[in-house]
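Subject: Structure for your review

Dear colleague,

Please find below the structure that I am handing over to you.

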Amino acid sequence: MLLLRFLGSTALSLFGYLGELLFLMLESARSLVTTPIRWRLALGQILEVGYRSQLVVIVTGAFTGAVFAAQTYFQFHRLSMDTAVGAVVAVSMFRELGPVLTGLMVAGRVGASMSAEIGTMKVTEQLDALRSLGVHPVDYLVVPRMIAMMISMPMLVAECVGIGIVTGMFVAVHLLGVSQVWYTNYMLRFTALRDLEMALTKGFVFGILIVFVACNEGLKSQEGAVGVGRATTEAVVIGSLAILIVNFFLTMVLNIFFPAG
Amino acid sequence: MAQTVPHSMLAVAGLTKQIDDQQILRGIDLQVASGETLVIIGRSGSGKSVLLKHLIGLMLPTSGEVFIEGRQIVGLKERELLPIRRTVGMMFQGCALFDAMTVEENVAFPLREAGERDPKVIREKVAAALEVVDLTGHEQKLPVNLSGGMKKRVALARVVITRPHCVLYDEPTAGLDPVVSDSINHLIRRLQKRFGVTSIVVTHDMKCAGHVADKVAFLHEGAIYFYGAFADLVCSQDVLIQDFIQGRSGDTD
């Protein structure tokens, strides 16, 4: 009985939370078509989200590609399949590692900053001030961030994947002695445009997830510094978990449109 | 109520607010005539700020009606409220300046949001608004570098730049020294005289109330305990009112 009650209340809070997110998404979509877009704010956010996240994404992509190439080589070398390392690294970076790791890093860096900024505005009555001046917080705060994420995330994913493939090739060819010609040959044979399309689609979806989770946490944060801290933590935790969970379902669906191999 | 009084700028009827199991407002009825200044006084926690937020639709009542210039705002959607709110300015207790913007950008914000794009017009109007609040020369400062009194002045300049019909003040002198408080009181009075705006001032500063009020409403435990002229309030023999005016808590050492 207790277990049933626990499961029931968990399901209710989950549906409640999903309802909040859906409501925010619908309000943002409505704002996008009914009110002028604040491009100046959106460009500022692109600078913050896209440009300033590059170091994190480049380091993540570089070392993930490098270590993945090395681990793949160590396993494949025993089977004398050294030249297949390039194909495995490239396909994995495109389809999974690039989008997911970029999503997780951006959820940590950008999601936290968005929820903290909006949460602080809420507790210092700046959101009420916006409303009192006749400005809808969704128009002013959420929509520019949403646009910035929709543009920046696919680019960051592409950057992460590209850097990962290059460092993977460097490690395999220059440090582990795999033939560059065969490495490149197999990599090109087993990767195609559909892999890039899958990576960019995932990046786009993860960007939307991060921005709505972060903005929702900021907008509903409770009074005081503790509330803002909690909102920030929740934005990162929920954003990261959402990326991992949605990634599985997205992979299954996208594999229909962009089949592997 | 308000529909029968067409000249009232703001009116509330039977306003109640309950948050969880706490009754904050218990049936408030008020009318503020155009150009009038109503001061709402009361002890901390009596529901003054909550009432003020209801007047501009920042909070929704549990029951009752709120009218701005004769138009019922309870039940309107957030987006329907936005244009109505532009006719009523609000100065928040903590000023609520946008901390990422300079003084000039803060004051220009309502103009830009109203669609003004000409930088020359914006600059002139910002200069005029800052001149009204005696803050010329501080345009490029960030809110973090301003004193409490200066923040209040910037908040006031941001409110008056679009010439609202009515201004709501939430504790305009809270946390300020007596001299700065006095200058803010004079500023409120000056705005009333110069622009003829209707004002509602929430405060527990009796000096402020005496300086700016046409009418005073004393709020106690979520209900209006006294409504009338400031002189009548001061002369009242009611123990609760006199305790508030004299600042007597009833505690002994």
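This is a predicted model: local features need pLDDT of at least 70, side-chain atom pairs count only at pLDDT 80 or more; totals for chains, interfaces and linings use all residues.

Salt bridges

Across all chains, 21 salt bridges were counted. One of them pairs Arg131(A) with Asp128(A), with 3.2 Å from N to O. Both residues belong to helix α5 of chain A, which spans residues 126–132, and they stand 3 residues apart, about one turn of the helix. Arg131(A) counts as buried because its relative accessible area, 16%, is under 20%. Asp128(A) is likewise buried, with a value of 16%.

Asp128(A) has a further partner in Lys53(B), and the closest N and O atoms of this salt bridge are 3.3 Å apart. Since Asp128(A) lies in helix α5 of chain A and Lys53(B) in helix α1 (residues 48–55) of chain B, the pair joins two chains. Lys53(B) is buried as well, at 14% relative accessible area.

Within chain B, Asp134(B) and Arg153(B) form a salt bridge whose closest N and O atoms are 3.9 Å apart. This pair links distant parts of the chain: Asp134(B) sits in the loop between α4 (119–132) and α5 (148–160), while Arg153(B) is in helix α5 of chain B, 19 residues away. Asp134(B) is partly exposed, at 47%, whereas Arg153(B) is buried, at 13%.

Shared partners also join several salt bridges into one network, made up of Glu125(A), Asp128(A), Arg131(A), Lys53(B), Glu78(B) and Arg85(B).

The two domains of chain B

Chain B is divided into domain 1 (1–83 + 166–176 + 198–248) and domain 2 (88–163). Their centres, taken over C-alpha atoms, are 26 Å apart. In the contact between them, 15 residues of domain 1 meet 11 residues of domain 2. Together the two domains of chain B bury about 1,100 Å², with 72% of this area on carbon and sulfur atoms. On the domain 1 side, Leu168(B), Asp170(B) and Leu176(B) lose the most area to domain 2, together 32% of what that side buries.

Between these domains of chain B there are 0 salt bridges, but 6 residue pairs are in polar contact. On the side of domain 1 that touches domain 2, α1 and β7 (166–170) of chain B each supply at least two residues. The largest share, 5 residues, comes from β7(B). By class, that side of domain 1 of chain B holds 11 nonpolar, 1 polar and 3 charged residues.

Yours sincerely

Methods
Residues are numbered from 1 along each chain as its sequence is written. Chains are lettered from A and ligands numbered from 1 in the order in which they are written. Side-chain values use heavy atoms; hydrogens and water are left out. A salt bridge is a side-chain nitrogen of Lys or Arg within 4 Å of a carboxyl oxygen of Asp or Glu. Helices (H or I, at least four residues) and strands (E, at least two) are DSSP runs, numbered from the N terminus. Buried means under 20% relative accessible area, exposed over 50%, partly exposed in between (1.4 Å probe, protein chains only). Domain bounds come from an automatic or database domain assignment. Contact means heavy atoms within 4.5 Å. Buried area is the accessible area (1.4 Å probe) that two parts lose on being put together, summed over both. A polar contact is a pair of N or O atoms within 3.5 Å; within protein, one must be able to donate a hydrogen and the other to accept it, and residues adjacent in sequence count only if both atoms are side-chain atoms. Ala, Val, Leu, Ile, Met, Phe, Trp, Tyr, Cys and Pro count as nonpolar, Asp, Glu, Lys and Arg as charged, and the others, Gly among them, as polar.
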